[in-house]
Amino acid sequence: MAKLTSVEQKLWLGFAVPLVILVAVLIATIIYFELTLLGAITLLLALLVPSLLSLWYSYNKVMSVLDNLAVQLDSISNEELTVWQLSSYQGGRVAALKAEIQLVVERLQQKRQEYGQNEAFVFNFISELTLPVLVLDGHQQVYFANRAMADIYPNMTLDGIPASKLALNQVDEQWQLQQHSSRYKIASHPLYRGQRVYQLLVFVSVEQALRDNEKQVWQKLLSVLNHEVRNSLTPVSSMAQSLQQDRDVIPLATQQTMLGVIESRAAHLQQFVANYAQIAQLPAVEKQTIAVEVLANRWQALFPEVQIDVLSSGVLYCDEPQLTQAMINLVNNALQANQLASKQGITLTIEKRQQWQLCLQDNGGGIDNLDNLFVPFYSTKPNGSGIGLVLSREIIRNQQGELYLSNLADNQGAKALITLPLC
């Protein structure tokens, strides 16, 4: 027997059983009492027709309740939170079902109220942000814009304006601002409100980030300049004042010593300025292709104390003399780190992944201050100039590469990673 899969089928089966029994009883009565044709028809009509009408009425009522329930659920799903389709039922199982639906509706109303409060808080919070923020609806029209958007669109009422009229377009799911593309980068996030999906667009000022970064660079540079110049000029000024005021009482040998110190500090400042010019005036990059094996052989001859492992074959497109100069600076740092830790062993690994990677590792004591590594003229060495790492990074960046410095585990050495683009 086929499995019943619907309420309608089960109802028809339930109605069919008493009907069959009733018809069987009527036929048996007609035969037993030997009723005439007219009497048999009258009996059938008197009993069978009301039964059919009653069953049909019951079936329609059940279907009506189910239809009303479906309409009720559909209205709730469309956020019409009222129970009106089943209002005529005041008792029984349908009334109990209506009461349960009412409880669900009340919970949904409470959730919607909470959601509305949260949404109001979010939009009030967005309004106070200094970052320009825009919310687009499903038709890509402005649903909300905070006050900071006036910096981008002054003297404009943005509500309801299509995104296209604001020079906003979407390329590969990334929003772009055509008229200020060099000033702002747009970060987008989906914002769900009920069954609707909105787009939250946050305009991040590239200029501001550059200004902040530039300010930090200048602050670090001025700090170093202040340190170097003050350290040199303070003793020079003091000695010059002493020579001017107490020249007759200061022994000649002491005067010569003081003049020597003044000369030394002046030479230091001259070297300091020369080092600064060296950073600012790097020669132009002249790239050429060179086989990795050839470069490794040259470096092996230049750095016999370094173990060089070439894990990938191919060619590098670089300025080989400048890259070698950067490597000399890094190897010298590694040798000095090993010497301070009374250890040996430097390895250089060259391999090709998404880009070329040149990884230099030493066995020294690690790097003490990672934050100031690339600050010009900052050095932890007694006689260090503080420009070796800065020069090395600038040389590598001029070749579209990057230099990363980090400590190995437990400060058991340091790692310098050079990345260069593939040909």
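Predicted model: local features only at pLDDT ≥ 70, side-chain atom pairs only at ≥ 80, totals over all residues.
How do β11 and strand β13 pair, and over how many bridges? I looked this up before anything else. β11 and β13 (residues 414-420) pair in the antiparallel sense, over six bridges. I also picked out one facing pair: C359 stands opposite L417 in β13.

**Entry: the whole protein**

I stepped back to get my bearings. The protein holds eight helices and 13 strands. It has 423 residues, and 31% of them count as buried. I then checked contacts between residues at least 6 apart in sequence: 54% of these join residues at least 24 apart.

**Entry: the five-stranded sheet**

I traced an open sheet of five strands, in the order β8-β10-β11-β13-β12, with mixed pairing. Which strands stand at the edges? They are β8 and β12 (402-407); each has a single partner strand, so one side of each is left without a neighbour in the sheet. On average, neighbouring strands here are turned by 15 degrees against each other, direction ignored.

A reminder from class: strands of a sheet pair through backbone hydrogen bonds, either parallel or antiparallel.

- β8 (residues 306-310) pairs with β10 in the parallel sense, over five bridges.
- β10 pairs with β11 (residues 356-361) in the antiparallel sense, over six bridges.

In β10, L348 is the bridge partner of I308, and in β11 the bridge partner of L348 is L360. Between β10 and β11 I found a hairpin, which joins the two strands through three residues.

Is β10 mostly covered or mostly open? Strand β10 (residues 346-352) is mostly covered, with five of its seven residues buried. I looked at what lies over this part and found helix α6 (residues 292-302), which lies across β8, β10 and β11. Helix α6 runs at about 175 degrees to β8.

**Entry: two asparagines in α7**

Next I went to helix α7 (residues 320-340), where N338 has its place. Buried or exposed? N338 is buried: its relative accessible area is 3%, and the cut-off for buried is under 20%. I listed what N338 touches, leaving out residues up to four places away in sequence: K343, Q344, G345, I346, D362, N363 and G364.

Which residue's side chain does N329 join in a polar contact? It is S392, and the contact between the two side chains is 3.2 Å. I checked L391 as well: N329 and L391 are 62 residues apart along the chain, yet their C-alpha atoms are separated by 8.7 Å.

**Entry: helix α2**

I turned to α2 (residues 37-77), which has 41 residues. How far does α2 reach from its first C-alpha to its last? I got 58 Å, close to the 60 Å expected at 1.5 Å a residue. There is a kink in α2, though: about 25 degrees, centred on L45.

I also went through the buried residues of α2, among them L55, Y59, M63, N68, L69, Q72 and I76. Another reminder from class: an α-helix has 3.6 residues a turn, so residues three or four places apart point the same way. What covers the buried residues of α2 includes α1 (7-33) and α3 (92-128). After α2 comes E79, and I noted that its phi is positive, near 65 degrees.

**Entry: the four-stranded sheet**

Last stop. I found another open sheet, this one made of four strands in the order β2-β1-β6-β5, with antiparallel pairing. Why is one side of β2 and of β5 left without a neighbour in the sheet? β2 (142-145) and β5 (184-193) stand at the edges, each with a single partner strand, so one side of each has no neighbour there. Neighbouring strands of this sheet are turned by 20 degrees against each other on average, direction ignored.

β5 and strand β6 (residues 196-205) pair in the antiparallel sense over 10 bridges.

Methods
Residues numbered from 1 in each chain as written. Heavy atoms only, no water. Buried < 20%, exposed > 50% of the residue type's maximum accessible area, 1.4 Å probe, protein only. Contact = heavy atoms within 4.5 Å. Pairing = 2+ DSSP bridges. Expected span 1.5 Å × (residues − 1). Bend = angle between axes of the 7 residues up to and from the residue. Axes fitted to C-alpha atoms, helices over the stretch in contact; angles between N-to-C directions. Polar contact = N/O pair within 3.5 Å; in protein donor to acceptor, adjacent residues only side chain to side chain.
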